[in-house]
Structure formats: C-alpha cells, structure tokens
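Here are some notes for a colleague on local geometry and helix packing. Please read them with the model open.

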Amino acid sequence: RSFKPSYYNEYKSYLRMSSDDKILEHILNPSAPLSSPSVSNGSHDAPPSTAEEVEAKKIELEAVKCAERDELVEAESLLNKALQTAPSLASLYNNRAQVYRLQNKVDEAFDDLNRAISLSNGVGESAKQAYTQRAMIFMLKQDEDSARSDFEKATALGSQFAAIQAAKLNPYAKLCNKMLSKAMTDLQ
C-alpha cells in the first residue's frame, strides 16, 4: 500500500523549517496552522558524546539538507553512512524513517522507528517523533489501538499533535461524537 498523502509536495517544501516537531506536526496535520506550538516537557536527546557521534550528526545534517532538496536517495545514503559511523543514535533511525516514508517504504520506516524507540529508551525528542510517526503507520494499517497507545506515549513526551490524535481515537470520545452526530441529524 502506497503512502503518498495529497500534501506530499507541500511537506517537502515545509522541510526547510528548523523545528523537526513542526515538520512532523505539519506532515500529519496539514490543516493545522503552520505556527501551531508544540508542547515540550523539557526532554531532549543526549548530545553527541564521542567523535563518531559528532561526525554522524554532521552527516545527518547533510542528509536533512538533501531531503529538503528532494534528494531522497542521497539522503538515505548519507543516513546509512551516519549509521555505520554511530549506530546507537536514535535520531539517525528516526530521520531515515522519515526519508523512507517519503519514498513509500513503509515497512522499512516502521523497522527504523522501532529501533529509534528502543535506542532512546522511549524518552527524548527522537522517541517523541518516532512514537508519532509509528502511530501514523499503525493508522495506515488500521490498527487504532496501537496507534492510540503510541500517540499517548508521544503526548507524555510533549507532542501536542499526538495529544489531539489520541483524543480522536479515544473510544469514549468516538462514542460521544457518534451520539452527538446522530442527535444533530435527528434534529434536522
């Protein structure tokens, strides 16, 4: 099944923004205002601590710039190189997952998101973004329970977008909306 939303080209141009969280929120919620704030719980990824990690982060930055120019094959290649240099950086898997999703490689993206979550121990910016991205893949697979669980985890890490999505998937909220919709229809 192909994952190429109708707002794909708009997303590619939006990648130029510096905040990964804003990018992710816009990919997944294109109708939200571009200035939509993200809630932060103060949890960030640990800074690079070795020369290899510093080098990998430089390569990662190059990869992001390639993705911004729609050079997805080159971005993927650079992220692969960065992963060879520092295979324990969760952000590398998270960013490669984004590139995979843009290339319609959903299964590869899913695997990388699982790895990012594992390496981050489920905390920090990379985990927040990985949980949110993985939740969207669960939505594609029509697995709302798993999606809601991941959205709730991303919400706990400070994602406003995930909070909105988790609320939409809440079974009680869905039931309430269904009853309200029926009541409104009956009134007409």
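1. Start with Asn121, in the loop that joins α6 to α7 (125-140). This is a predicted model. In it, the phi of Asn121 is positive, about 55 degrees, although the residue is not a glycine. Most residues other than glycine have a negative phi. Asn121 is also exposed, with a relative accessible area of 67%.

2. Asp70 is another case to check. Its phi is near 65 degrees, again a positive value in a residue other than glycine. Asp70 sits in the loop between α3 (51-68) and α4 (72-85). Is Asp70 buried, exposed or partly exposed? Its relative accessibility is 37%, so Asp70 counts as partly exposed, the class between 20% and 50%.

3. Now the helices on either side of the Asn121 loop, α6 and α7. Their axes come within 9 Å and cross at roughly 145 degrees. On the α6 side, the contact is made by Val106, Ala109, Phe110, Leu113, Asn114, Ala116 and Ile117. On the α7 side, Ala130, Tyr131, Gln133, Arg134, Ile137 and Phe138 take part. The crossing of α6 past α7 is left-handed.

4. Helix α6 (residues 106-119) also packs with helix α5 (residues 90-102). Here the axes come within 8 Å, and they cross at roughly 165 degrees. That angle makes α5 roughly antiparallel to α6, because angles over 145 degrees count as such. The crossing of α5 past α6 is left-handed.

5. Which residues meet where α5 packs on α6? From α5 come Ala90, Tyr93, Asn94, Arg96, Ala97, Tyr100 and Arg101. From α6 come Glu108, Ala109, Asp112, Leu113, Arg115, Ala116 and Leu119. Ala109, Leu113 and Ala116 of α6 are in this list, and they are also among the residues of α6 that contact α7.

6. Last, helix α9 (residues 160-169). Its residues Phe161, Ala162, Gln165, Ala166 and Leu169 are buried.

Methods: Residues are numbered from 1 along each chain as its sequence is written. This is a predicted model: local features need pLDDT of at least 70, side-chain atom pairs count only at pLDDT 80 or more; totals for chains, interfaces and linings use all residues. Side-chain values use heavy atoms; hydrogens and water are left out. Buried means under 20% relative accessible area, exposed over 50%, partly exposed in between (1.4 Å probe, protein chains only). Helices (H or I, at least four residues) and strands (E, at least two) are DSSP runs, numbered from the N terminus. Axes are lines fitted to C-alpha atoms, for helices over the stretch in contact, and angles run from 0 to 180 degrees between N-to-C directions. Angles under 35 degrees count as roughly parallel, over 145 as roughly antiparallel, 65 to 115 as roughly perpendicular and the rest as oblique. A crossing is left-handed if the near helix is turned anticlockwise from the far one by less than a right angle, and right-handed if clockwise. Contact means heavy atoms within 4.5 Å.
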